[in-house]
Amino acid sequence: MAVNPVPDHVPPEMVRDFSLFTSPGMAPTPNGDPHAAVACVHSGPPIFYSPCNTRDGRGTWVVTRATDQRRVLQDAETFSSHRSIFSSALGESWPMIPLELDPPAHGVFRSLLNPLLSPKRVVVLEPKVRERAITLIDRIAASGTSCDVMKDFAFPFTVSIFLRLLGLPDHRLDTFVGWAKDLLHGDDVKRPAAAQTIVAFIDELATKRRKEPADDFMTFIVQAQVERRRLTEEEVRGIGVLVFVAGLDTVAAAIGFGLAYLARNLKDQDLLRREPDRIVLAAEELLRAYPTVQIIRVATKDIDFEGAPIRKGDYVSCATMIANRDPAEFECPNTVDLAREDNRHAAFGYGPHRCLGSHLARREIVIGLEEWLARIPAFRIKKATAPITSGGHVFGIENLILDWS
């Protein structure tokens with residue numbers, strides 16, 4: 001990975017050898033624990049500069065305290081959300097919408113999309129979500145006493161929910177998962193190729209829905225109006241790409257990290273199986289302990305922030321996996337306490353850009369755990385296998401083989 005030089009305005013004493021991509025524990029590691037690995041930053045200063053902390057090797061300021069991350073994420077005037085994280089892979093600069101729009105444009109599109117993913121809408125979707133979980137788990141239970149839970153459950157479950165939201169058939173599930181893996185975890189060759197493929201797919205789907213409307217998300221988008229006008233092709237693409245990317249990887253990873261924890265902690269697993277009413281609270285704690293996303297903001301002006309001379313254009317990292325292990329925010333942050341209350345975790349971000357799909361994601365995770373624990377007996381990591389975890393912009397887990405023989 002190419003590393004850009006440290007800018008002249010960054011004091012040398014504020015530079016630390018840290019990266020969510022290259023620090024120890026971030027490379028794909030059997031039985032790794034990347035979340036515990038990044039928690040080491042809390043023994044240092046509240047903000048420092050990492051010379052290489054993005055997929056393309058750019059440096060970022062790293063904000064470690066949860067309360068400071070909230071200040072950054074709440075202040076969209078000083079810290080812009082527009083960094084073209086997807087389109088930059090194509091050498092372009094259009095935003096994913098509404099994530100990479102700043103106020104007031106952000107509010108316009110957020111208001112348009114909120115009803116599609118509101119708590120009320122999620123209640124309507126829930127029976128289909130639960131039905132899909134039950135179908136997959138019953139199939140797994142009938143076929144044996146072990147499975148690769150990411151391939152056999154987490155991805156098929158979460159991606160199929162997303163496909164139905166977009167109005168797409170399940171038979172292309174493996175294709176879409178492959179695109180998402182190349183985009184989020186691929187190298188400098190696979191990532192732009194995947195981005196190009198996804199853009200072409202979204203553009204083609206939008207064109208089709210303009211000609212052949214259906215009862216689905218994309219039809220709503222191509223027919224929608226903001227400020228008394230139809231959305232431009234670039235705006236439709238920006239929304240479609242965001243929904244595609246957000247729906248394909250992060251929720252599956254959250255379910256995977258949660259099941260990996262329960263496979264290693266049989267007392268907690270047994271407790272949730274005997275008392276399923278605890279699962280909602282437990283899911284919040286698992287989201288706190290194992291969040292998956294690094295949030296980046298771009299400074300819009302020069303500012304001194306907690307002693308750091310941030311200059312216009314600097315990247316500022318608000319990594320959820322760092323905020324959620326802040327000892328000033330959480331008692332014993334490296335301990336998973338499934339009964340933890342007042343859990344003000346940052347798994348879905350904070351401020352005006354807080355995750356639009358968080359209500360659906362939460363229900364998918366809770367339903368996934370409820371139905372898995374109700375249908376699968378006590379499970380462990382299968383002997384002679386090891387889950388492989390990885391850091392990066394989105395933390396991941398694979399090769400999670402569970403056994404209940």
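**Cavities, pockets and helix contacts in a predicted model**

Two cavities of 30 Å³ or more are counted in this structure, where a cavity is a set of points, on a 1 Å grid over the protein atoms alone, at which a 1.4 Å probe fits but cannot get out. The structure is a predicted model, in which local features need pLDDT of at least 70 and side-chain atom pairs count only at pLDDT 80 or more, while totals for chains, interfaces and linings use all residues. Residues are numbered from 1 along each chain as its sequence is written, and side-chain values use heavy atoms, with hydrogens and water left out.

The second largest cavity holds about 50 Å³ of space, a volume being the space filled by probe spheres set on the grid points, which are joined across faces, edges and corners. Its lining is formed by A254, I255, G258, A283, L286, L287, Y290, I365 and L369, lining residues being those with an atom within 4 Å of a point. Two or more of these residues come from each of helix 10 (250-264), helix 12 (279-289) and helix 14 (358-375); here helices (H or I, at least four residues) and strands (E, at least two) are DSSP runs numbered from the N terminus. By class, eight residues of this lining are nonpolar, one is polar and none is charged, where Ala, Val, Leu, Ile, Met, Phe, Trp, Tyr, Cys and Pro count as nonpolar, Asp, Glu, Lys and Arg as charged, and the others, Gly among them, as polar.

Open spaces were treated as pockets, a pocket being an open set of points with protein on both sides within 12 Å along at least five of seven lines. The largest pocket contains about 550 Å³ of space, and of the 28 residues that line it, P28, L184, H185, S390 and G391 are the closest to its centre. Helix 5 (residues 149-166), helix 6 (173-185), strand 13 (388-390) and strand 14 (396-398) each supply at least two residues of this lining, which divides into 13 nonpolar, nine polar and six charged residues. The second largest pocket has a volume of about 390 Å³, and R121, L125, R164, L165 and D215 are the closest to its centre among the 17 residues that line it. At least two lining residues of the second largest pocket come from each of helix 4 (119-143), helix 5 and helix 8 (217-223), and this lining has nine nonpolar, three polar and five charged residues.

Helix 5 also takes part in helix contacts. Its axis comes within 9 Å of that of helix 9 (residues 233-248), and the two cross at roughly 160°, axes being lines fitted to C-alpha atoms, for helices over the stretch in contact, with angles that run from 0 to 180 degrees between N-to-C directions. Helix 5 and helix 9 are therefore roughly antiparallel to each other, given that angles under 35 degrees count as roughly parallel, over 145 as roughly antiparallel, 65 to 115 as roughly perpendicular and the rest as oblique. The contact, meaning heavy atoms within 4.5 Å, is made by F155, T158, V159, F162 and L166 of helix 5 together with V243, F244, G247 and L248 of helix 9, and it has seven nonpolar, two polar and no charged residues.

The axes of helix 5 and helix 14 come within 11 Å and cross at roughly 140°, which makes helix 5 oblique to helix 14. In this contact V149, F153, F157, T158 and I161 of helix 5 meet L360, E364, I367, G368 and W372 of helix 14, a set with seven nonpolar, two polar and one charged residues. Between helix 6 and helix 7 (residues 190-211), the axes come within 7 Å and cross at roughly 135°, and these two helices are therefore oblique to each other. Their contact involves F176, W179, D182 and L183 of helix 6 and K190, R191, A194, A195, T197, I198 and F201 of helix 7.

Backbone geometry was also examined. Most residues other than glycine have a negative phi, and most peptide bonds are trans. A cis peptide bond joins I97 and P98, with omega about 5°, and the bond from P103 to P104 is likewise cis, with omega near 5°. P98 is found in the loop between strand 4 (79-80) and helix 3 (105-113), and P104 is placed in the loop between strand 4 and helix 3. N31, although not a glycine, has a positive phi of about 55° and lies in the loop between strand 1 (29-30) and helix 1 (34-38).
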